[in-house]
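User: I'm new to this one and would like a walk through it. Can you take my questions as they come?
Analyst: Go ahead.

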Amino acid sequence: MIWKKKESYALTVVDVGTSKVAVAVGELKPDGSLVLLGVGQAESGGAVRKGEIVDFELAQQAIQLALADAEDKTECMIEYVYLNLTGAHLEPKVIRLKTVIDTEDNRVTQEHLGRLDEELENYAIPSEHEIIHSAVQQYYLDNGMSCKPIGQSSETLEATYHIVHGLRTRLETLFRSVMELNIKVVHYTLSSYAAAELVLNPQQKKEGALVVDMGAGVTDYLVYVDGTVAHTGVLAVGGEHVTQDLAFGLKLPFRSAELLKINHGNLYANPDRPNERIVLEKEVNADERSIFAESLSRIAQARVRETLDLIREDLEARGLWEQIGGSVHITGGASQIRGLQRLAEEVFPVPVRLVHEFSLEGDQTYSRRPDLSTVLGLLRYAQQYDQLHARPSGFDRLRRSFQEVLASMRLF
Amino acid sequence: MIEFMKQGGFKAPEPSDYSGHAIIGLGSAGVNVLDQLVLDQRQVPSLYCFDTDEQTIRGTVVAEKMLLGARQLRGLGCGGDPGVAGEIVREERSDVRAMLQGMRTAILVTGLGGGTGSGMAREFVQILQELGVAVIVVAVTPFDFEGKRRLGQAQNAVMEIKQHADLVFCVSNSRLLHMPGHDMDIRQGFSTMNRLIGRMCMNLRAMLVQRGPMQIQLSDLRNLVAEHDCGQAALENCWVGFGEAEGQERARDVVDEVLSSPLFEDGRVWSNGTAVVASLAGGAGLSMGEFQSVIEYLRQEMPVELPILAGTVLLPDDGDRLRLILLVTGQSGAEEARPSPKKPAQELSFESVADDGQVTAQDYPDELPEETPAEVRKVQAEPAGAIAGDPGEGGELFSELPQTKQRKTAQKYFNQQEELQLEKKDYRGRFAKSDPTFFKGQDLDQPTFMRLNLKIRL
């Protein structure tokens, strides 16, 4: 919500996720710092699967409840929000565009940069897709990379862009679900970006890092190389898959499996006690059941290892591991399962850091909530966007204004 | 009418179930196969013989037989001329039709390269097709040394047959030469071959007739062969191996026997093979667990990783014996290199009858047989150790299985494969409304432990 109160702003962000809808409200102070006021939540109740809305009305209800909860907690009236986007339909690409510098002295001007941006619009993507995000990674002049191309002389100007495109209809669904509640969407970003904003500092971005946000429905990840985003990805496998595997393998109902995972979930069983059993919560009219701890671990580890393997392989295929000088940072609700540090260290070739605690200003009850990584990251992102919006500069200018995006989707 | 199972096991088809599902021998080679079959087994229903040679017809022990071209050829055969044979059949079409009336499926066994078999096969297939019969042809092709003419005739015949039959298996006599002791008694050699072909036909037929879990459907076979068919008139597109065993170790023994089957001695089989059809035959005592062990052991022991299409058939007279027949399909002379190092967990395809979810009481026993599999081979010797792992090994939870052949007393393991066909689609549950997540041919919504065939203790 952009609502002025003593020259402070309140920013509201909404994360429509598989297990819950979370709404975070923060106060943007005049000095640019952000203070968290509160987070409202509501269970998604099956409306969202793998990060995408499958039941529109139910999703709207959940969003409404979450917004109400947030308004309650923060005593703010919410009108404007930032959204996050995720989903397996999102495809990342790195593309390289080129233009000729035809001015006198071959001086590069702002216009040339703009021309490259325009060329991006011509880039061929599937007709049902929309480019929902693009950012310049690096500019190149004749004599190599350049951080500040404007004013320099060169015959040609090239740029690499990291773009993400996705199914238009999925995006429309998401936006409509919020807009039909009379909430205005200011802007949006990718979940992986959001998480990275929360978890990395500029030094770590420069070193190079992989950020993995393990959610209930999807696992988002993002790679920073030398301070710019080199790659993003979404894997439609999340904490729910672990629960489902357990439910299927141990013959439990989903809810029981979920409780089991939360209370006793461990990716490694105790080798000294191979026959250790875990007694499950007794249910009404059912016999008491127990399962082998080893079985729990085996099933869960198989799934989580596979998920991490897929991410590692993706980076391998793109030759990114060599460029990451730093670590893997893992956060998200599903990263809370015991044993993850050890497993991740086995899978990834660089050091691993689990991020279960965030440094926030403001309401500290949420600082140890890795399951809120996305929404809190989104808040951080919104903070930056808000600042940049006022002072457009640098490479994080977005290619098209949000209005244009909406217009192309015929929502506006 | 739904017949209720008495106890455990599956119901073996009665001989009467086989009426309408014929095995037809064409030409002397085909008739010999059928003879061998009758001599080996006590009762084999629905066998038919057709030939132009009177001596063959007179000598055969098969009940239903017909001499073709008695008038024209005077019972002397067509002298290796397929054209003549074809003519004869066309002339006597109505008689042949009358004999074949009422069939639903047919397995045609014939030898190609000569006259009768090559010439008649095509006509027969066509007649059967007109009658709406599903036709599988098992053709025996000539030795390499039989000369260009016979080979050429065989090839033409194969091409023609392929156009009309539902499925064609070509087994080459040359295999015999590659058997150890190929300088053995000629009759022995041939009878081995005949026996093999005969078994193959029996199993194929049982596959078609029988309804029940682990059934391999004709369409599956067809897809399997078609997938790897180069479309040429190859004279060899399958290799057959057979083994039988009884006793406590029968699950393992039968696999050992099959793989040491003389026709598999030739390394080319495995280098050219593209897929494997495993048909396990057993009496009423055959349990799911046993089937599972057989297939797993097979997969372990096969020299090359190949996809396996597996199923069970119940043959009426098997008693305690377990029989496994292995068809390796492929193309001889295929160029592709076979990957030699074994990779973990190939796909195992289990076909369940009840794809529409309907399971009749006849198909499934009330509860799966209590007997636990005699040996569960894929057991980690020290589960505790394997889980924690040495730090040096990286603590792989499901690292390479120990190759030692130590037995482990069977524990009650969650048998994913049993569950697989019963709840094949259930894992979607939570993800039913969303798009499936496919990655490199795997459905990631399916539990990982299932795809990796991990055993889970309950």
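User: How many of the 24 residues of α9(B) are buried?
Analyst: In this predicted model, 18 of the 24 are buried, so α9(B) is mostly covered.

User: What span should α9(B) have, and how far apart are its end C-alpha atoms?
Analyst: Helix α9 of chain B covers residues 186-209, and at 1.5 Å a residue it should span 34 Å. The end C-alpha atoms are 34 Å apart, which agrees.

User: Now chain A. Which residues of α2(A) are buried?
Analyst: H112(A), L113(A), L116(A), D117(A) and L120(A) are buried. Seen down the axis of α2(A), the buried residues fall within an arc of 150°, so they line one face of the helix.

User: Which residues are exposed on the other side of α2(A)?
Analyst: E111(A), E118(A) and E121(A) are exposed there.

User: And what covers the buried residues of α2(A)?
Analyst: The cover includes strands β7, β8 and β10 of chain A.

User: Those strands, then. What is the order of the open sheet of four strands?
Analyst: The order is β7-β10-β8-β9 in chain A, with antiparallel pairing. At the edges stand β7 (91-100) and β9 (144-146) of chain A, each with a single partner strand, so one side of each has no neighbour in the sheet. From one strand to the next the twist averages 40°.

User: How many bridges join β8 to β9(A)?
Analyst: Three bridges join β8 (residues 129-141) of chain A to β9(A), and the two run antiparallel. Within β9(A), S146(A) stands opposite Y139(A).

User: Which strands of that sheet does α3 touch?
Analyst: Helix α3 (residues 168-179) of chain A packs on the sheet and touches β8 and β10 of chain A. The direction of α3 makes about 70° with that of β10(A).

User: What about salt bridges? How far apart are the closest N and O atoms of E158(A) and R96(A)?
Analyst: They are 2.7 Å apart, and the two residues form a salt bridge. E158(A) is in strand β10 and R96(A) in strand β7 of chain A, so the pair ties together parts that are 62 residues apart in sequence.

User: Buried or exposed, E158(A)?
Analyst: E158(A) is buried, with a relative accessible area of 18%. R96(A) is partly exposed, at 45%.

User: How many salt bridges are there over all chains?
Analyst: The count comes to 41. One in chain B joins E123(B) to R90(B), with the closest N and O atoms 2.5 Å apart. This pair links distant parts of the chain, with E123(B) in helix α6 (residues 116-130) and R90(B) in helix α4 (residues 82-91), 33 residues apart.

User: How accessible is E123(B)?
Analyst: E123(B) has 4% relative accessibility and counts as buried. R90(B) has 37% and counts as partly exposed.

User: Which residues are linked with E123(B) in a network of salt bridges?
Analyst: The network links E87(B), R90(B), R122(B), E123(B) and E160(B).

User: Back to sheets. What is the order of the open sheet of five strands?
Analyst: In chain A the order is β14-β13-β12-β17-β18, and the pairing is mixed. The edge strands are β14 (228-235) and β18 (352-354) of chain A, each with a single partner strand, so one side of each is left without a neighbour in the sheet. The twist averages 15° from one strand to the next.

User: How many bridges are there between β12 and β13?
Analyst: Strands β12 (residues 209-214) and β13 (residues 219-225) of chain A pair over six bridges, in the antiparallel sense. L222(A) in β13(A) is the bridge partner of V211(A).

User: Which strands does helix α8 touch?
Analyst: Helix α8 (residues 293-317) of chain A packs on the sheet and touches β12, β13 and β14 of chain A. The directions of α8 and β13(A) make about 35°.

User: Last topic, phi. What is phi for N182(A)?
Analyst: Phi of N182(A) is positive, about 65°, although N182(A) is not a glycine. Most residues other than glycine have a negative phi. N182(A) is in the loop between α3 and β11 (184-190) of chain A, and is exposed, with a relative accessible area of 65%.

User: And S46(B), where is that found?
Analyst: S46(B) is in the loop between α1 (27-40) and β2 (47-51) of chain B. Phi of S46(B) is positive too, near 55°. S46(B) is buried, with a relative accessible area of 17%.

Key: Residues numbered from 1 in each chain as written. Chains lettered and ligands numbered in written order. Predicted model: local features only at pLDDT ≥ 70, side-chain atom pairs only at ≥ 80, totals over all residues. Heavy atoms only, no water. Pairing = 2+ DSSP bridges. Axes fitted to C-alpha atoms, helices over the stretch in contact; angles between N-to-C directions. Contact = heavy atoms within 4.5 Å. Buried < 20%, exposed > 50% of the residue type's maximum accessible area, 1.4 Å probe, protein only. Arc of directions from axis to C-beta. Expected span 1.5 Å × (residues − 1). Salt bridge = Lys/Arg side-chain N within 4 Å of Asp/Glu carboxyl O.
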